[in-house]
Amino acid sequence: GAPILIAVGWNEYLDFCRRPAVAGGACEGTVVRYENVRKHHEPFCSTNGITTWNEFDKAALLRYGSWRKRAAYATSYLELTVLKQVVKHLIRMRRLPADCLLDQPLRRLNGSDTYCYSRAQ
């Protein structure tokens, strides 16, 4: 198919995430986190001359990770994972060819000093 612009791909993915919970949609907090990834990703693409998701390859993913070097490890992990999810979604929807898959393993941080409150608290 035709190349898919970065903003168009983001819109499609976020719309997919906003589908009803009964259909597997994400909660609003998750969508907000994904929108924050978009706020960093789009300027990166613009600065680096990447206009379509077809151009956002494994090398671009790794450059993005380096570009966000000041972000905390868990934030970087989340952002790179979300970018991989967007590409995977666009492939599933047949908006991108299968060879655009971002086959880059990411290491999750073991342990954290972040405290998560329980529902009761």
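Angles between helices run from 0 to 180 degrees between N-to-C directions, and the axes are lines fitted to C-alpha atoms over the stretch in contact. With that in hand, let's explore this predicted model.

**Exercise 1.** Work out how helix 1 and helix 2 are oriented to each other.

*Solution.*
- Start with the geometry: helix 1 (residues 6–17) packs with helix 2 (residues 28–47) at an angle of about 175 degrees, and their axes are 11 Å apart.
- Angles over 145 degrees count as roughly antiparallel.
- Helix 1 and helix 2 are therefore roughly antiparallel to each other.
- Next, look at who makes the contact: helix 1 brings residues including Trp10, Tyr13 and Leu14, while helix 2 brings, among them, Tyr34, Arg38 and His41.
- Sorted by class, this contact has ten nonpolar, two polar and three charged residues.

**Exercise 2.** Decide whether His89 is buried or exposed, and find what it touches.

*Solution.*
- Locate the residue: His89 is part of helix 4.
- Buried means under 20% relative accessible area.
- His89 has 3% relative accessibility, so His89 counts as buried.
- Leaving aside residues up to four places away in sequence, His89 touches Glu12, Tyr13 and Phe16.

**Exercise 3.** Describe the second largest pocket and its lining.

*Solution.*
- The volume of the second largest pocket is about 210 Å³.
- Its lining includes Leu62, Tyr73, Tyr77, Gln104 and Arg107.
- Helix 3 (58–67) and helix 4 (73–92) are the elements that give two or more residues to this lining.
- Helix 4 supplies the largest share, four residues.
- By class, the lining has six nonpolar, four polar and one charged residues.

Note on methods: Residues numbered from 1 in each chain as written. Predicted model: local features only at pLDDT ≥ 70, side-chain atom pairs only at ≥ 80, totals over all residues. Heavy atoms only, no water. 1 Å grid on protein atoms, 1.4 Å probe; cavity = no way out; pocket = protein on both sides within 12 Å on 5 of 7 lines; lining within 4 Å. Points joined across faces, edges and corners; volume = space filled by probe spheres on them. Nonpolar A, V, L, I, M, F, W, Y, C, P; charged D, E, K, R; others polar. Parallel < 35°, antiparallel > 145°, perpendicular 65-115°, else oblique. Contact = heavy atoms within 4.5 Å. Buried < 20%, exposed > 50% of the residue type's maximum accessible area, 1.4 Å probe, protein only.
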